[in-house]
Amino acid sequence: MSVKERDPLTGHQTTGHEWNGITELNTRVPRAVWFFIAVTHIWALVYWVLMPAWPLVTTYTKGLLGYDDRTRVERQLMAANAQRADWTQALATLPAEDIRQDPALMARVAQTAPALFGDNCAACHGTNAAGGPGFPSLVDDAWLWGGDTATIMETLRVGINAPHPDSRSSQMLAFGETGILTRPQIRTVVNYVQSLSGRETQADAQQLAEGATIFAENCASCHGENAMGNQDIGAPNLTDDFWIYGGDDAAMFTTIDLGRQGWMPAWEGRLTTAERMALTIYIQDLGAEQGK
Amino acid sequence: MFRTLLGPFARFFEFHAKTHYRAERHSMALAGGILLAASIGGFIEIAPLFTIDDTVEAAPDMRLYTPLEQAGRDIYIREGCYACHSQMIRTLQDDVDRYGPYSLAAESKYDHPMLWGSKRTGPDLARVGEKYSDDWQVRHLADPRALVPESVMPQYAFLLDTPLETESLPGRLAALRAVGVPYSDAQIANAASDAFGQAMPDSDRAGGVLDRYGEETNLRIFDGRRDRLTEMDALVAYLQILGGLTDLAARTQPARGEN
């Protein structure tokens, strides 16, 4: 440096700057600072060697450890899968009756199913699984496609009216919009269907008889002559007073006028077989508990 | 010990101090030096990503956003959905457990701007496509608490009554092409018509959408209203394709598969 002046009191060099006779000391950088600068530099050198670091135009130095976030998470998932394999394998392969008789497996179901249900099913079916307008209740013992294990498993796998190639499909025609039924006819058949589940209607016996005729000609092919529904095609039972879209006049009129087409997503690919089995057992038990 | 350790570098330190001393006395030289030092990080960490081959994975089955989905994406940005929802499943075990395969760079290579986000007041949406029905999405957007009582999401019911503006779609697609999204001339020219056709499967404009964007394209009345094309159609069409532009993630990440 060009300035070599020394401060007589401290013995330090000055910077050469002077303001009204006051000079600025050029004190040494504290040793601790040098020490930590040295440590960070050494750390950087070690890191360059061990970890992915330097770009080399079309590639980069991979580092001796070969560390990679993606590999790490894949390993973690594999390890977690292996750790859970004892019970996920059983859930995925055993028949439901065997799972039910194994308290250890049922404890796993009780542990995992509520979280799975909350994250995947509750958005539509509700946290209490009681459904809501447009989303069927899972606790009322009325099943559109059947409530046995195999059927629920299949419904979970392929969904209903979903983009899955094997999806179940079910569609109620728009009887009013397509001109099959007139508005008075729809009102008549609404009254008749309401009477089937014991709802009070204003219709007299003659109107109900007319409704029965309209029902037999238009609705019975799917819902059955006795209106008990058909689980092969997902046609609901109309006599049990459980309603997906509502059993009041307005809701039923809309249903018959514009038709309905529910949509349940397919869960294959999103949930594993074991997870779907846990959910199946969970919702079966949920229905049984609340049905009592 | 310290002195011996740093001893060999004494000349470097001396040179550094002298240069610095001189630079301090020339403002332009100092400004230039600061600029140089500050850009080192960018040159070493960011610039090489453009030349390194595996920055963006090869995804041959990657498809484009249709004009309707792109319009929905613009609404998603306009309404600030990204402020509460990320679109980035991180390489963390709990993220993958909950949301599915971690996000790949290729999956957002046609996203301008990207919407990865860093804050999750609501859940991540990177793979929400087809997880819920159109009907659920519409009703949830209109009144989130009707379906999820504990939700704090705002209501977007007005989207159902707001007609979708499609006039500007060709221009928007052309702008995306300028930054590298491979839209064809036909796709740009028919953008407004295709946006209508995708949400009106019974109309005569629907066929062109499949011709130009592939048979896999979702052709549906997204908002449940067959009388008009609304912003709700666009937003739901966009939400339903999230995570569905390519199968690459599911194919290359076996750990989350069937077991």
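Two strands count as paired if DSSP finds at least two bridges between them. In this predicted model, strand β1 (residues 14-19) of chain A meets that condition with strand β2 (residues 22-25) of chain A, in the antiparallel sense and over three bridges. The hairpin of β1(A) and β2(A) has two residues between the strands, and N20(A) takes a positive phi near 50° there. The model scores ipTM 0.83 and pTM 0.87.

**Confidence**

- Chain B has an average pLDDT of 91, and 97% of its residues score at least 70.
- Where pLDDT is low, the predicted coordinates should not be read in detail.

**Chain A: overall form**

- Chain A holds ten helices and four strands.
- Read from the N terminus, the order of elements in chain A is β-β-α-β-β-α-α-α-α-α-α-α-α-α.
- Chain A is more spread out than a compact globule, because its radius of gyration is 36 Å, well over the 19 Å that the globule rule gives for 292 residues.
- The C-alpha trace of chain A spans about 120 × 55 × 45 Å along its principal axes.
- Buried residues make up 24% of the 292 residues of chain A.
- Taking contacts in chain A between residues at least 6 apart in sequence, 52% join residues at least 24 apart.

**Chain A: local features**

- R260(A) sits in the loop between α9 (249-258) and α10 (273-291) of chain A.
- R260(A) has 16 C-beta neighbours inside 10 Å and therefore counts as partly exposed.
- Neighbours within four places in sequence aside, R260(A) is in contact with M172(A), Y245(A) and T255(A).
- From R260(A) to I281(A) the separation is 21 residues in sequence and 29 Å in space, C-alpha to C-alpha.

**Contact between the chains**

- Chain B gives 32 residues to the contact, and chain A gives 32 residues.
- On the side of chain B that touches chain A, at least two residues come from each of α1 (2-6), α2 (10-23), α5 (93-99) and α6 (134-142) of chain B.
- That side of chain B is made up of 16 nonpolar, seven polar and nine charged residues.

**Nonpolar cores**

- The largest nonpolar core has 44 residues, and L235(B) and A237(B) touch the most other members.
- Elements giving two or more residues to this core are α2 (69-93) of chain A and, in chain B, α4 (67-78), α5, α6, α8 (169-178), α10 (191-199), α11 (206-213) and α12 (231-241).
- α12(B) provides the largest share of this core, eight residues.
- Not counting residues up to four places away in sequence, L235(B) touches G72(B), I75(B), Y76(B), L141(B) and L159(B).
- Another core, of 19 residues, lies apart from the largest one and includes L91(A), L105(A), A113(A) and L279(A).

**Helix α10(B)**

- Eight of the nine residues of α10(B) are buried, so this helix is largely enclosed by the rest of the structure.
- The buried residues of α10(B) are A191(B), S193(B), D194(B), A195(B), F196(B), G197(B), Q198(B) and A199(B).
- These buried residues of α10(B) pack against α4, α8, α9 (185-189), α11 and α12 of chain B.

How values were computed. Residues are numbered from 1 along each chain as its sequence is written. Chains are lettered from A and ligands numbered from 1 in the order in which they are written. This is a predicted model: local features need pLDDT of at least 70, side-chain atom pairs count only at pLDDT 80 or more; totals for chains, interfaces and linings use all residues. pLDDT is the predictor's confidence in each residue, from 0 to 100. Two residues are in contact if their C-beta atoms, placed from the backbone, lie within 7 Å. Ala, Val, Leu, Ile, Met, Phe, Trp, Tyr, Cys and Pro count as nonpolar, Asp, Glu, Lys and Arg as charged, and the others, Gly among them, as polar. A nonpolar core is a set of buried Ala, Val, Leu, Ile, Met, Phe, Trp, Tyr and Cys residues joined through C-beta atoms within 7 Å. A residue is buried if 20 or more other C-beta atoms lie within 10 Å of its own, exposed if 12 or fewer, and partly exposed in between; C-beta atoms are placed from the backbone. The radius of gyration is taken over C-alpha atoms; the globule rule is 2.2 Å times the number of residues to the power 0.38.
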